[in-house]
Amino acid sequence: MNFNRHKYDDMISDEIHDAFYSDQSLRGRIASLRAYAEIVVRKILDIDESEQITLGNHKIREQLEQKNPLLYDKVNKIRLTGNDGTHTQHINKFTENQFNDMRDALFWLYAYLFIDFFQRNPMNENLHALIYSQFSLLPPIIRYDTLSYIFKHGQQNIYVADRLSMAVLKTYDSKRAFEWIEKNKKSLLAMKYPNREIIGYAFKVMEKDQFNNWIRNVPTDAYQLCTRRISKLSIFFKNHRKYYTTLEQAKLYYKNYRLNDETVPGLNELHELMDFVFQGRNIDTGSIDNQLISFSVFDN
């Protein structure tokens with residue numbers, strides 16, 4: 001690995017602060033976000049600090065497009081607005097919408113790190129449960145972008161569908177979550193539930209009476225599973241705040257629930273990616289409930 005995030009500790013802290021937490025002008029915040037995006041591109045392409053790069057460089061464009069065509073589209077959106085923020089030709093005031101568009105593109109770059117991870121470590125019955133639970137500590141929008149992409153590109157299974165329906169709910173609302181379920185009803189109905197692995201795990205961890213009750217009432221396919229879970233969560237969120245929606249809120253949960261296990265394949269790599277995404281971000285404790293409630297795969 002050529003890229004070492006620790007060599008960028010000071011720069012990341014400065015650019016994140018100036019882009020997201022400072023009182024400087026939108027022009028200055030946009031310029032800082034562009035500079036930070038260049039570090040993210042170094043991470044994605046694994047380029048060390050000794051090599052000079054620019055976001056508009058032809059070689060960089062080719063490498064980004066080779067990895068994923070959407071990558072360059074997002075980087076170019078950041079580059080164009082960011083260039084306007086650093087050059088004197090753009091004399092008009094910037095808007096919050098322009099900054100927010102750049103931020104959304106940056107979040108898709110974050111998501112790409114996990115898209116790449118799960119393309120090499122597919123979400124299925126073989127993926128360790130700790131990978132699933134640690135990934136869930138990311139903000140919903142990053143999970144949504146990640147899961148939505150891999151669902152459309154080769155991983156249409158119950159493990160992705162279940163988590164994607166919840167990510168839609170937590171990123172947007174119940175209306176959009178149910179719309180996603182209905183739009184994908186045909187494929188969800190074809191995903192039978194529970195499979196042998198889930199039944200075997202449930203039998204192992206549940207008391208006999210609990211298991212018998214669960215097996216009698218368990219959904220029979222992903223459509224039922226997603227519909228029931230979104231219905232239950234929708235009712236819950238009418239009376240409770242969503243736990244974390246921003247990186248700043250999620251960072252507190254990541255700090256408290258980050259679990260290490262050297263025996264779990266891929267966990268160290270996942271944590272390294274998450275550490276990078278959270279690097280430089282403040283921790284927001286003001287709008288979060290203290291108790292983290294998990295809706296497990298056995299909820300009906």
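I start with a cut-off: buried means under 20% relative accessible area, exposed means over 50%, and partly exposed lies in between. I also note that this is a predicted model.

Entry: I looked up R34 and E38. R34 is buried, and E38 is buried too. Their side chains form a salt bridge, at 3.5 Å from N to O. Both sit in helix α2, which covers residues 26–45. They are 4 residues apart, about one turn of the helix.

**Entry: a pair across the chain.** Which residue forms a salt bridge with E272? I found K43, with the closest N and O atoms 2.6 Å apart. This pair links distant parts of the chain, 229 residues apart. E272 belongs to helix α15 (residues 267–278), and K43 to helix α2. Is K43 buried or exposed? K43 counts as buried because its relative accessibility is 9%, under the 20% cut-off. E272 has 21%, so I wrote it down as partly exposed.

**Entry: the rest of the salt bridges.** I noted 14 salt bridges in the structure. One of them joins D104 and R103, with the closest N and O atoms 3.1 Å apart. D104 is partly exposed at 41%, and R103 is partly exposed at 29%. I also found R5, R258 and D275 joined into one network by salt bridges that share partners.

**Entry: a loop residue.** Q155 lies in the loop between α7 (140–152) and α8 (158–171). With 8% relative accessibility, Q155 counts as buried. Its side chain reaches the backbone oxygen of F118 at 2.9 Å. Beyond its neighbours up to four places away in sequence, Q155 touches residues including P122, M123 and I150.

Methods:
Residues numbered from 1 in each chain as written. Predicted model: local features only at pLDDT ≥ 70, side-chain atom pairs only at ≥ 80, totals over all residues. Heavy atoms only, no water. Helix = DSSP H or I, 4+ residues; strand = E, 2+ residues; numbered from the N terminus. Buried < 20%, exposed > 50% of the residue type's maximum accessible area, 1.4 Å probe, protein only. Polar contact = N/O pair within 3.5 Å; in protein donor to acceptor, adjacent residues only side chain to side chain. Contact = heavy atoms within 4.5 Å. Salt bridge = Lys/Arg side-chain N within 4 Å of Asp/Glu carboxyl O.
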